[in-house]
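Visitor: I would like to learn how to read a model like this one. Please take me through it feature by feature.

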Amino acid sequence: MIRLFFVAALSSIALWGLAALSALPLSQWASPFANPATLLPEQIFFAFGLMPRAGIALLIGGLLGLSGALMQAVLRNPLADPTTLGVASGAQLALVGATLLWPEALALGRGPVALFGGAVTAGLVMALGARRGFAPVTVTICGMLVGMLASAISTALTLGQGHYLLSLVIWNGGALSQDSWHGVFRLMATLVLGGVAAALLARPLVVLSLGGATAKALGAQVGLTRFAALSLAVILSGMVSAEVGLVGFVGLAAPALVRRLGARSVTQVLLWSPLAGALLLSVSDSALMALAALGGPEMPTGALTGLIGGPVLIALLPKLRNIVPPETERSDLIAPRATHPWKRVAAIVCVTLILTALSLLGGRGPDGWGIISGDIAATFLPLRATAILAAASAGALLALSGAVLQRLTANPMAAPEVLGVTGGAALGYAATLFLFSVPSPFTLAFGSSTGAAVTLIILSAYAMRSDMAPARLLLAGLAVGAFASALLAAVMASGDPRAWSLLGWLAGSASRASVSGALALSVMAVVGLGASLLVSRWFDILPLGAGVARGVGLPLGRVRLGLVLGAGLATGAASVLVGPVSFIGLMAPHIARSLGLVRPASFLAASWCLGVLLMTVAAFGARTASYPYDLPLGLFATLIGAPWLFVALLGRRHS
Amino acid sequence: MTLFTLENICFDVPGRRLIDGLSLSVGTGITALVGRNGSAKSTLLKMLAAQTHPSVGTIQYAGKNLQDWKARDFARDLAFLPQVTPPTEGLLLRELIALGRYPWRGALGRLGPEDHRLIDAAIAQCGLEDKRDQLVDTLSGGERQRGWIAMMLAQGARTLLLDEPISALDVAHQVEVLGLLRDTVRRRGISAVVVLHDVNMAVRFCDHVIALDTGRVTLQGEVRELLDPAALLRIYGVPMQVIDAEPTPVVHPL
């Protein structure tokens, strides 16, 4: 291990030297202690830009490595890290929100604001995780969902202000550029204090690694240790977020790396992870600098770590089986079951029809609230009907995909967003924007569908290869999503004007829908419902697992492939309209389940219908809330859905 | 009569060869598959059920290579119960058992009177008439296991494969489940292969035995052949004694 670290350190120094030499010949290299007044501008850049940057890369890598190692030790979850637990996104949201809405708060410095955001999301994820016994996969999925929610709100805030906040966007991408040594000193103090605190916590954490019950039997303060270690981890990663923004997955990769290299005990992992993280980030950053020096593109470092992190996450998945006791991922509550499911479905259909009619005819006009009539009706009703039809169909498609995926994976946290399909769709959309000078709506739709399909093919290949432990498919999807958002962050940070159009699409809007587009979506939604109802017996068998499904002669590989592809296409088509995140696909099936609709046919039909209902309401809200301006549809759906979802998840499980 | 013929089977897991060149034939009746932990008995059973496939070699079932069987035809002929039965969220017992008709009706076909007769017969045979409208997840361990066996019976298969069907049950339920299995197999004239840990249960309820040790057959024959201290030492690696008792002698580690 030491030899490898030595090689990494040497290559990092060499790459940094290459970048530094191309900026300034060796004979002119200046000391950071020199008086700036006597230096040339290039020398100032060297002494107060390049040199602290090398230091900050090491420190941030070390802090993230330590933070990740702490989280993994406390949660006994090899997938925990500030990114996967949503802490980084929470800090980002707090900073974006403070910058836009309450700049005075930043007078205290970015640290406290970032810490507040990180602590709130960490608290939320832990509260969700506690309901499910901190089962690793479930906690990770919760964390990533919370993170997505925070990112969606950040995007919406940026968009809503109407300015293209370049600094904010660059910060989001995790750029390590420095203009003084202050950041280095702040982070060095944090790392030293954090290291001391982690050393004090090491022994309790070793005891805790045997599991909560055993640790308690050994007389350890389980709750206190967990709280202290998690707080420390959140503080460390919050300080990093405040200083440089989102640098993803270093906290995940560093402990994984040292474990792979032979660190076994908790103490060893805690000791070596900061070093591994420091070297990992230092090498990445130096490589980027050298690349830029040789004429390559400027990329934020956070984008690069995201590119590394996605594959690392996927590579870790096969190892998970040995670490996770199988029972912990199961739900522990006996689901309610309605005696007359179809009566309830009929009730949902009635409510949906009434609300759709109301939202079509009612609304807010120049004269305030009222029913649309007369000339205005003749002009606007067809437009409004198109928008509602498109939104409703998109909602139905997302809800149906969610329902199908939840049955397929037997995991109530499965959702189209989690599959990474929407991330792939966003990448396809971005690629189309950049490949065609004036892309038509059809080209854009085709581009995003292609992106979604490619993601799906990658996922299916993974699914076919490893007998698809369903939880792992979800995590592979999350990794693909993380990969996609890292690339998108890099695109945004490039400052290209086309990024603006991308940002707009990410928020989603129903009013863009054309008549033919809306009709195509609705045909897809109806066909999808019909097809899934026809094979509803599959959805009885699939949750029982691979053994039973094969045992009764279900051609498992083909069924899974077909369902994953179908769900992905539906998601891709819907996300052209509503943007990549909406949570409808997670929420609608959840509501259906909580209404006691557990049999596949009624469950699918009710989910579909609830998707229509939720999206219609969201579209109505997006249209009227700040009349005459349309708010982003996907954002509105998220804002309606996410809080409800968290309340439902928090309240539902009592173990 | 021969059910399964295995020729020169190898099974690889990453880094090692679990089964190396196993040749074997399995006959009708109830066959117990015994052996130490890690002796590859579960792997062997899963290969017989076509749940996993051997890395090298071929397996024949009823004179036809496993690869040549169509999935649903195979499921009509052979039913498999995994070691850990999955949670069945929201399913009633009769709905679970009705899933056993999937190989015959597929995703679209409606269940006819014949299907319902077979489902009812399976429920009756397993003594679950009064539980048919209960949620499977609320049943006791023994009832749940009988429910899964009823699903296998509704499948109408000629061969049942069960992976440690009694490992999570107390001794009363062990006797109940294995007794049910033996009576059913006898009455319907079908066959079963059961992975078992308990030699005494194997001796009491099975006809034949196959003992495995690290992927090799150490004993194959009538189940009575297990009642031999030398054979038991070879299979389990610990000295055991055979004590005369009724209805069958029992074995006990020394």
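Guide: Chain A gives 22 residues to the contact and chain B gives 24 residues; two residues are in contact if their C-beta atoms, placed from the backbone, lie within 7 Å. This is a predicted model, in which local features need pLDDT of at least 70, side-chain atom pairs count only at pLDDT 80 or more, and totals for chains, interfaces and linings use all residues. Residues are numbered from 1 along each chain as its sequence is written, while chains are lettered from A and ligands numbered from 1 in the order in which they are written.

Visitor: How is a sheet read?

Guide: Strands of a sheet pair through backbone hydrogen bonds, either parallel or antiparallel. Two strands count as paired if DSSP finds at least two bridges between them. In chain B, an open sheet of 4 strands runs in the order β2-β1-β4-β5, with antiparallel pairing. Its edge strands, each pairing on one side only, are β2 (16-27) and β5 (64-65) of chain B. Strand β1 (residues 2-13) of chain B pairs with β2(B) over 8 bridges, and Thr5(B) is opposite Ser25(B) in β2(B).

Visitor: Is Leu459(A) buried or exposed?

Guide: A residue is buried if 20 or more other C-beta atoms lie within 10 Å of its own, exposed if 12 or fewer, and partly exposed in between. Leu459(A) has 24, so it is buried. Leu459(A) sits in helix α17 (residues 441-465) of chain A.

Note on methods:
Helices (H or I, at least four residues) and strands (E, at least two) are DSSP runs, numbered from the N terminus.
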